Amino acid sequence: MSVFKNISLADEEREFGTIDKWICSECAENTHWEQIVADNLEERNCDYCPESNKSASVNVLTGKILAEIKLKYMPCQETNVSPYPCGINVFDTHEVLSKLGYDMMEIPCGRDIIESIQGYNDIWAIKSLSV
Ligand SMILES: [Zn+2]
């Protein structure tokens, strides 16, 4: 069942994937992520609580965020935008996530998602400036 969901993931959602962690519906309850987790459950134990043996890969969540980041930002080193000063046209991952309205502390895997994104890229330039 769930194997097919992995195969159908967009490239965006597969191009990192260094963090092999899983999160269950209980842990994602009442968060922005509740539905995404519910839609991607597989027969895996949750890494954030001892309660559940059905969980979604944290990489799926990271992929969704990364795809959203890339609508507005791109890795600074792929642009001609100067990385300095940080905070005007260029932002680190924490700043980008808060600008997009994410509260990563609302879900137990938030820190892992941030680390995964930072592993992919940490300094982001506003896309419209870099054409
Ligand atoms: Zn859990």
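Predicted model: local features only at pLDDT ≥ 70, side-chain atom pairs only at ≥ 80, totals over all residues.
Reader: Let's start with cysteine 27: is this residue buried or exposed, and how do I tell?

Author: Count the C-beta atoms, placed from the backbone, within 10 Å of the residue's own: 20 or more others make it buried, 12 or fewer exposed, and anything in between partly exposed. Cysteine 27 has 22 other C-beta atoms within 10 Å, so this residue is buried. Residues are numbered from 1 along each chain as its sequence is written.

Reader: Where does cysteine 27 lie, and which residues is cysteine 27 in contact with beyond its sequence neighbours?

Author: Cysteine 27 belongs to helix H2; helices (H or I, at least four residues) and strands (E, at least two) are DSSP runs numbered from the N terminus. A contact means C-beta atoms, placed from the backbone, within 7 Å. Setting aside neighbours within four places in sequence, cysteine 27 touches Cys46, Tyr48, Cys49, Ile107 and Pro108. Its C-alpha also lies 8.8 Å from that of cysteine 109, 82 residues away in sequence.

Reader: Which residues have the most contacts inside the largest nonpolar core?

Author: Such a core joins buried Ala, Val, Leu, Ile, Met, Phe, Trp, Tyr and Cys residues through C-beta atoms within 7 Å. Here the largest one holds 29 residues, and Ile23, Cys27, Leu61, Cys109 and Trp124 have the most contacts inside it. Two or more core residues come from each of strand S1 (22-24), helices H2 (25-28) and H4 (58-72), strand S4 (90-92), helices H5 (93-99) and H6 (110-120), and strand S5 (123-126). The top contributor is H4, with 5 residues. Leucine 61, for its part, contacts Trp33, Ile36, Cys109 and Ile113, leaving aside neighbours within four places in sequence.

Reader: How do H4 and H6 pack?

Author: For H4 and H6 the angle is about 60°, and the axes are 10 Å apart. That makes the pair oblique, a class for angles that are not roughly parallel (under 35 degrees), roughly antiparallel (over 145) or roughly perpendicular (65 to 115). Val58, Leu61, Thr62, Ile65 and Leu66 of H4 meet Asp112, Ile113, Ser116, Ile117 and Tyr120 of H6.

Reader: What about asparagine 30 and methionine 74: how are they classed?

Author: Asparagine 30 counts as exposed because 8 C-beta neighbours fall inside 10 Å. This residue sits in the loop between H2 and helix H3 (34-39), and its phi is near 60°, a positive value in a residue other than glycine. Methionine 74 has 18 other C-beta atoms within 10 Å, so that residue is partly exposed. Methionine 74 is part of strand S3 (residues 73-75), and its C-alpha is 5.4 Å from that of tryptophan 124, 50 residues away along the chain.

Reader: And the whole chain: how many helices and strands are there, and what is the mean pLDDT?

Author: There are 6 helices and 5 strands, in the order α-β-α-α-β-α-β-β-α-α-β. Of the 131 residues, 30% count as buried. The mean pLDDT is 86, with 85% of residues at 70 or more. Among the elements, S1 has the highest mean (97), while helix H1 (residues 2-7) has the lowest (42). Throughout residues 1-14 the pLDDT is below 50, and this stretch has 11 contacts in the model beyond near neighbours in sequence.

Conventions
Contact = placed C-beta atoms within 7 Å. pLDDT = per-residue confidence, 0-100. Axes fitted to C-alpha atoms, helices over the stretch in contact; angles between N-to-C directions.
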